[in-house]
Amino acid sequence: MKHILKYITSLFLMLFSIFGTAQELKKKDSITPKTISYGLRVGIDAVKIFRSFQEKDYRGIELVGDFRLSKKRYLAGEIGNENKTVNDDHLSFTTKGTFLKVGFDYNGYENWLGMQNMLFVGMRYGLSSFSQNLNSYKIYNPNQYFNENTVIEANQKFSGLSAQWIEVVAGIKAEVYTNLFVGFSVRLNKLVTNKQPDNFENLYIPGFNRTYSGTFGAGFNYTISYMVPIFKKLTKNKNEDSKIKKK
């Protein structure tokens with residue numbers, strides 16, 4: 001986790017540097033019309049890849065994508081798979097499954113000189129299909145002379161589980177090279193439906209992460225993506241628009 005936080009800090013410094021450069025360029029922007037690229041941006045969540053190599057109890061992958069619908073609005077989504085073993089104070093379980101999220105992003109950042117950076121908010125509707133395996137659990141021992149609880153090896157599998165949720169997203173994306181982007185986003189989740197066994201709660205849901213208070217969750221991702229340009233639109237910048245209005 002320390003390594004992840006280190007990479008996130010470096011990412012923030014790099015992205016804010018890029019946004020700062022954009023603000024300097026904004027002052028030098030001419031009245032020449034510019035073009036806006038429209039296309040499909042696809043990428044991967046680097047955090048899940050990193051965790052898969054660093055954590056023995058985790059395997060996961062997430063593909064991300066968005067498509068520009070207008071100057072500010074994007075259709076967005078993620079799809080992936082997770083295999084996570086949680087060793088809690090009282091039980092050990094393994095969750096395996098896939099997930100899909102679809103929704104939109106709204107870019108609140110005003111780009112200049114043909115740049116394509118994003119400072120965005122958005123929403124997703126998430127769906128997950130998965131199984132839970134209860135590996136073991138502990139039974140409280142009222143005799144605390146030896147300060148030990150009894151561990152029961154369960155090995156019980158619960159299949160056909162599912163969950164749906166609403167996700168609020170906020171993040172940034174910066175173009176570090178032509179059509180190549182790095183980004184970071186945070187997510188807050190609220191369960192809508194949750195199919196779980198009668199005697200075992202879904203404490204971890206692929207794509208949703210660990211559940212808190214039964215219905216809430218949170219997460220983040222660090223993406224590397226590439227945009228495949230499909231077409232371009234000619235647009236006028238604000239300086240030109242204001243001059244036209246004065247005339």
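Colleague: Buried means under 20% relative accessible area, exposed over 50%, and partly exposed in between, with a 1.4 Å probe and protein chains only. On that scale, is Thr 223 buried or exposed?

Modeller: This is a predicted model, in which local features need pLDDT of at least 70 and side-chain atom pairs count only at pLDDT 80 or more, while totals for chains, interfaces and linings use all residues. Residues are numbered from 1 along each chain as its sequence is written, and side-chain values use heavy atoms, with hydrogens and water left out. Thr 223 belongs to strand β10, strands (E, at least two residues) and helices (H or I, at least four) being DSSP runs numbered from the N terminus. Its relative accessibility is 6%, so Thr 223 is buried.

Colleague: Which residues does Thr 223 touch, leaving out those up to four places away in sequence?

Modeller: Contact means heavy atoms within 4.5 Å. With residues up to four places away in sequence set aside, the partners of Thr 223 are Ile 44, Asp 45, Val 64, Phe 181, Val 182 and Gly 183.

Colleague: Which element gives the most to the lining of the largest pocket?

Modeller: A pocket is an open set of points on a 1 Å grid over the protein atoms alone, with protein on both sides within 12 Å along at least five of seven lines, and lining residues have an atom within 4 Å of a point. The lining has 21 residues, with Arg 51, Asn 209, Ala 218, Gly 219 and Phe 220 nearest the centre. Two or more lining residues come from each of α2 (46–54), β7 (180–195), β9 (209–210) and β10 (216–235). With four residues, the top contributor is β10.

Colleague: How many charged residues are in that lining?

Modeller: Asp, Glu, Lys and Arg count as charged; Ala, Val, Leu, Ile, Met, Phe, Trp, Tyr, Cys and Pro as nonpolar; the others, Gly among them, as polar. The lining has six nonpolar and five polar residues, and the number of charged ones is 10.

Colleague: In the salt bridge of Glu 55 with Lys 84, which residue is buried?

Modeller: The two side chains meet at 3.8 Å, N to O. Glu 55 lies in the loop between α2 and β2 (58–68), and its partner is in strand β3. Glu 55 has 22% relative accessibility and so is partly exposed. At 14%, the buried residue is Lys 84.

Definitions and conventions:
1 Å grid on protein atoms, 1.4 Å probe; cavity = no way out; pocket = protein on both sides within 12 Å on 5 of 7 lines; lining within 4 Å. Salt bridge = Lys/Arg side-chain N within 4 Å of Asp/Glu carboxyl O.
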